[in-house]
Amino acid sequence: MKAAIAQTTPKPPISGPAIRSLAARGLLAASLALAMAGCASQPVPVAQMAVAEASVKRADTSNTRSAAPRELQIAVAKLASAQQAAARKEYVLAGQLAEQAELDAQVAMLHAERMRSQRAAQESQDAADALRDESQRQSR
């Protein structure tokens, strides 16, 4: 009979610090589980990679290679880094690098276009100057 009474005796309540410690451990375990699940469930950035690759290919023209070689090289390097990150299954990084590669390719194209426009504007200005000079010579 004594054994039955001893088994049913309630345990003393858990003190405040012990409760906080258990709660902190539980929170830490839940956070780790969510972080691991988030990494495992990250989708492969297929669309971002395809868009970045198409942007870099579109930017890779003779005009861009001559007028904006540095900008184009940055885009090509970031695309390669994105592909390497995807191969390592670092999909978040791969997506970020792919987005950067796309933007860098656009910068290269815009820089090359700006250089082409500046050359055309200078040629137009030179032609206008030549016409004015010719006009002034004929009026004398």
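## Basis of the model

The model is predicted: local features need pLDDT of at least 70, side-chain atom pairs count only at pLDDT 80 or more, and totals for chains, interfaces and linings use all residues. Residues are numbered from 1 along each chain as its sequence is written, and side-chain values use heavy atoms, with hydrogens and water left out.

## Overall fold

The chain has 6 helices and 0 strands. Helices (H or I, at least four residues) and strands (E, at least two) are DSSP runs, numbered from the N terminus. In sequence order the pattern reads α-α-α-α-α-α.

Of the 140 residues, 19% count as buried. Buried means under 20% relative accessible area, exposed means over 50%, and partly exposed lies in between (1.4 Å probe, protein chains only). The accessible surface of the chain is about 10,300 Å². Carbon and sulfur atoms account for 61% of that surface. These areas come from the Shrake-Rupley method with a 1.4 Å probe; for residues, only the protein chains shown count as cover.

Contact means heavy atoms within 4.5 Å. Among contacts between residues at least 6 apart in sequence, 71% join residues at least 24 apart.

## The nonpolar core

The largest nonpolar core has 16 residues. Such a core is a set of buried Ala, Val, Leu, Ile, Met, Phe, Trp, Tyr and Cys residues joined through side-chain atoms within 4.5 Å. The residues with the most contacts inside this core are Met-49, Ala-52, Val-56, Leu-79, Ala-82, Ala-98 and Ala-105. Helix H3 (46–59), helix H5 (69–87) and helix H6 (91–138) each supply at least two residues of the core.

Ala-82 is one of those residues with the most contacts. Leaving aside neighbours within four places in sequence, Ala-82 is in contact with Met-49, Ala-94, Leu-97 and Ala-98.

## Helix H5

H5 has 19 residues. From first C-alpha to last, H5 reaches 27 Å, close to the 27 Å expected at 1.5 Å a residue. The expected span is 1.5 Å times one less than the number of residues.

Glu-71, Leu-72, Ala-75, Leu-79, Ala-82, Ala-85 and Ala-86 are buried in H5. They lie on the same side of H5 because they cover an arc of only 150° around the axis. The arc is that of the directions from the helix axis to the C-beta atoms. On the other side of H5, Arg-70 and Ala-87 are exposed. The cover over the buried residues of H5 includes H3, H4 and H6. After H5 comes Lys-89, with a positive phi near 65°.

Asp-104 sits in helix H6. Asp-104 counts as buried because its relative accessibility is 16%. Not counting residues up to four places away in sequence, Asp-104 touches Glu-71, Ile-74, Ala-75 and Lys-78.

Ser-62 is in helix H4 (residues 62–67). Its relative accessibility is 53%, so Ser-62 counts as exposed. Ser-62 and Ala-112 are 50 residues apart in sequence. In space, they are 9.8 Å apart, C-alpha to C-alpha.

## Salt bridges

A salt bridge is a side-chain nitrogen of Lys or Arg within 4 Å of a carboxyl oxygen of Asp or Glu. By this rule there are 7 salt bridges. One of them joins Lys-57 and Glu-53 (3.6 Å, N to O). Lys-57 and Glu-53 are separated by about one helical turn because they are 4 residues apart in helix H3. Lys-57 is exposed, at 59% relative accessibility. Glu-53 is partly exposed, with a relative accessible area of 32%.

Arg-116 and Glu-113 also meet in a salt bridge (2.7 Å, N to O). They are 3 residues apart in helix H6, so about one helical turn separates Arg-116 and Glu-113. Arg-116 is partly exposed at 40% relative accessibility, and Glu-113 is partly exposed with a relative accessible area of 36%. Another salt bridge links Asp-60 and Arg-65 (2.7 Å, N to O). Asp-60 counts as partly exposed at 39% relative accessibility. Arg-65 counts as partly exposed at 45%.
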